[in-house]
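Morning, everyone. Have the sequence and the model open while I talk.

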Amino acid sequence: MTGTPIPAPRTAYAEEAVPQAWLTRLVLNPAHRQVHRDLGNTALLHRRVMSLLPDGLGDSPRATAGVLFRLDTAHVGPPVLLVQTRVAVDTGRLPNGYAETQTRDMTPMLTALRPGLPVRYRFLGNAVRRCGRTSTAGSWKQAIPLSGEDAARWWADRASASGLALRSLLPSISDPMTAYHAPASRRGGRGAGTSPGQDKDIRVPYAATLYEGVAVVRDPVKLRVALLAGIGRGKSYGCGLLSLAPARLDG
């Protein structure tokens with residue numbers, strides 16, 4: 001969540017027990033060498049986020065810890081990395097000078113959700129459609145980025161399913177995120193006959209759309225689930241984190 005915390009009113013929804021979660025805000029130092037490296041490779045940025053988690057979370061630490069993150073750059077000032085988790089993170093694991101950090105308990109916000117509450121939202125989503133076997137737009141299962149009305153409809157459908165009634169919607173195409181992954185030849189050792197050219201990192205671009213606007217809470221239970229679990233695909237690439245802040249409805 002960003003902005004002023006939503007005050008927690010005394011309602012039936014506020015009395016319900018909610019899972020604990022934390023939101024950590026990292027104001028990155030763009031002059032730091034490792035920040036510069038991480039910003040150019042989403043795979044490294046994801047690895048940096050995961051380094052903040054405690055050890056011993058099993059074979060699926062991201063799912064166990066409920067990790068969601070988003071890089072915000074569409075504002076004046078240094079980039080901001082938001083990291084949401086279901087376990088407390090240790091920002092002391094960051095390199096010296098990497099970022100200024102602040103961690104907030106999300107319980108007040110989660111318990112404040114109630115029907116009719118107006119909120120401002122920000123969400124970075126992997127708004128794509130998958131090609132079918134007979135598609136002429138691309139190969140089978142290829143992800144085609146959506147734009148215009150299609151992108152707006154993509155978010156409107158998911159927002160509604162997540163317990164939000166949209167009052168305004170402003171989608172904007174975000175800069176494509178790029179990850180570089182080691183090829184199988186390096187992950188498992190170079191096999192016989194592998195040429196040097198096949199040993200280079202594999203570049204994987206990932207499309208994302210930023211959605212901002214005002215909405216009204218319709219179903220607090222569904223919205224709480226969406227906030228904690230994330231929405232859509234691409235969570236390892238920085239998509240899926242929904243941020244809320246108090247809002248006023250005009251008129």
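Let's start at one serine. A polar atom of the S162 side chain lies 2.8 Å from the backbone oxygen of R158. That is a polar contact, meaning a pair of N or O atoms within 3.5 Å; within protein, one must be able to donate a hydrogen and the other to accept it, and residues adjacent in sequence count only if both atoms are side-chain atoms.

Before going further, the ground rules. This is a predicted model: local features need pLDDT of at least 70, side-chain atom pairs count only at pLDDT 80 or more, and totals for chains, interfaces and linings use all residues. Residues are numbered from 1 along each chain as its sequence is written, and side-chain values use heavy atoms, with hydrogens and water left out.

Back to S162. The residue sits in the loop between helix 6 and strand 8 (164-166). Helices (H or I, at least four residues) and strands (E, at least two) are DSSP runs, numbered from the N terminus. Is S162 buried or exposed? S162 is buried, at 9% relative accessible area. Buried means under 20% relative accessible area, exposed over 50%, and partly exposed in between, with a 1.4 Å probe and protein chains only. What does S162 touch? Leaving out residues up to four places away in sequence, S162 touches D219, K222, L223, A226 and I231. Contact here means heavy atoms within 4.5 Å.

That leads to helix 8. D219 caps the N-terminal end of helix 8, with a side-chain oxygen 3.1 Å from the backbone nitrogen of V221. Helix 8 covers residues 220-229, and its buried residues are P220, L223, R224, A226, L227 and L228. After helix 8 comes G230, with a positive phi near 85°.

Four strands make an open sheet, in the order 2-3-1-4, with antiparallel pairing. Strands pair if DSSP finds at least two bridges between them. Strand 2 and strand 4 (99-105) are the edges, each pairing on one side only. From one strand to the next, the twist averages 15°. Strand 1 (residues 22-28) pairs with strand 4 over seven bridges, in the antiparallel sense. One example: L23 has R104 in strand 4 as its bridge partner.

Helix 3 (residues 42-50) packs on this sheet, touching strand 2 and strand 3 (80-85). Its direction makes about 125° with that of strand 2. Axes are lines fitted to C-alpha atoms, for helices over the stretch in contact, and angles run from 0 to 180 degrees between N-to-C directions. How many of the nine residues in helix 3 are buried? Eight are, and helix 3 is mostly covered. Among the buried ones are H46 and R48. The cover includes helix 2 (33-39), helix 4 (61-65), strand 2, strand 3 and strand 10 (177-181). At the start of helix 3, a side-chain oxygen of N41 comes within 3.0 Å of the backbone nitrogen of A43.

Now charges. A salt bridge is a side-chain nitrogen of Lys or Arg within 4 Å of a carboxyl oxygen of Asp or Glu. The count is eight. Take R37 and D38, bridged at 3.7 Å, N to O. R37 is partly exposed at 44%, whereas D38 is buried at 1%.

Then R122 and D72, with the closest N and O atoms 3.4 Å apart. R122 lies in strand 5 (residues 118-125) and D72 in strand 2 (residues 68-72), so this pair ties together parts 50 residues apart in sequence. R122 is partly exposed at 23%; D72 is buried at 7%.

D150 is partly exposed at 41%, and R153 is partly exposed at 44%. Shared partners also join R70, D72, R122 and E212 into one salt-bridge network.

Last, the aromatics. The whole structure holds six aromatic pairs. Y121 and W155 form a tilted one, 5.7 Å centre to centre with 45° between the planes. Rings of Phe, Tyr and Trp (its six-membered ring) pair if their centres lie within 6.5 Å; planes under 30 degrees apart count as stacked, over 60 as edge-to-face and the rest as tilted. Y121 is in strand 5 and W155 in helix 6, 34 residues apart, and the pair links these distant parts of the chain. Y121 is buried at 3%, and W155 is buried at 0%. Y121, F123, W154, W155 and Y211 form one aromatic cluster.
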